[in-house]
Amino acid sequence: MRRLLAFVILAASAAALGAQELRLPIKNGSVKFAVIGDSGTGDSHQVSVANELDMYRAKFPFDFVLMMGDNLYTGDSPKDYQRAFERPYKTLLDAGVKFYASLGNHDNPNERLYKAFNMNGERYYTFKPPNSSVRFFALDSNYVDDKQLAWLDKELAASGSDWKICFFHHPLYSSGETHGSAELQRGLLEPIFLKYGVNVVLSGHEHFYERIKPQKGIQYFIVGSSAKLRMGDLRTSDLTAKGWDRGYGFMLIEISGDELFFQEISDKGETIDAGSVRRTGKTEPNPGRSTQPVEQAPPAPRQPVAR
């Protein structure tokens, strides 16, 4: 059942591209969405990213936003939801844009009960945009127990979708100095991803942007600087296809047929990275880039992952 990907990466730097230049095709009937991570500060950096999201939506009418966790750093009182979510994203919420959250290590699990996060009271869940061949799986990487793994195995097996995209907080692969790769979660989750042909994995936690070189046919992205920034923490490694830790940002994604287009954008409207991922029946190496998996230790024993 495993589907492999051919990756076509069209990297672009902020210096090479002008501010507020949309690099996505905007095809009829495509699935259009945004990605933010580690966003819940309620400060000027979050507002700056939110404002840029508003401006880009005028050009790229995305329907929903995926949240990579750490949605509320300030607490979970009604005032906290207002300050760190409802006010910054008011224009998007008023326009009917939906937000789908995953839980980060700074989040209270009770956030799953907050209606606007569309978690339906669950720590992990799945959804599929209408009339699409794309299904999303939100996971709780804080506590990966047998129950969640059994649920994921069952849901992926029953998906039937061409594109299977998982999103959660802790990155399975990372070049960050502070955190690095979440190897325990990788040992638990990656075998299931490979078994059922997961195409793309999105995470946060690291306060920078990194596009990982394809690992065993899966494309990994880290989008964790939508309000927090750890400047200088990204140590470019053999994992890194493109990385940026000099500012705040978000990602726009469009899926049309067998191709996924992506664009990472700063809070100044500059394009940090852009390209595409093609879903095919075989893996084709990228010129000048290795698609070989990074060597890793054997999978860790199956057990809960504590916060």
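Visitor: Which handedness does the crossing of H4 and H5 have?
Guide: Welcome! This is a predicted model, and the two helices to find are H4 (residues 146-159) and H5 (residues 183-196). Their crossing is right-handed.

Visitor: How are H4 and H5 oriented to each other?
Guide: Two packed helices are described by the angle between their axes and the distance between those axes. Here the angle is about 15°, and the axes lie 10 Å apart. Angles under 35 degrees count as roughly parallel, so H4 and H5 are roughly parallel.

Visitor: How many charged residues does the contact of H4 with H5 have?
Guide: On the H4 side, look for Leu149, Leu152, Asp153, Leu156 and Ala157. H5 brings Leu188, Leu189, Ile192, Phe193, Lys195 and Tyr196. By class, nine are nonpolar and none polar, while the charged residues number two.

Visitor: Which elements give two or more residues to the lining of the largest pocket?
Guide: Let's move to that pocket, which holds about 250 Å³ of space. Its lining has 15 residues, and Asp63, Phe64, Lys128, Pro129 and Pro130 are the closest to the centre. The lining divides into six nonpolar, five polar and four charged residues. The elements giving two or more are strand E2 (31-36) and strand E4 (98-101).

How values were computed
Residues numbered from 1 in each chain as written. Predicted model: local features only at pLDDT ≥ 70, side-chain atom pairs only at ≥ 80, totals over all residues. Heavy atoms only, no water. Axes fitted to C-alpha atoms, helices over the stretch in contact; angles between N-to-C directions. Helix = DSSP H or I, 4+ residues; strand = E, 2+ residues; numbered from the N terminus. Parallel < 35°, antiparallel > 145°, perpendicular 65-115°, else oblique. Left-handed = near helix turned anticlockwise from the far one by under 90°. Contact = heavy atoms within 4.5 Å. Nonpolar A, V, L, I, M, F, W, Y, C, P; charged D, E, K, R; others polar. 1 Å grid on protein atoms, 1.4 Å probe; cavity = no way out; pocket = protein on both sides within 12 Å on 5 of 7 lines; lining within 4 Å. Points joined across faces, edges and corners; volume = space filled by probe spheres on them.
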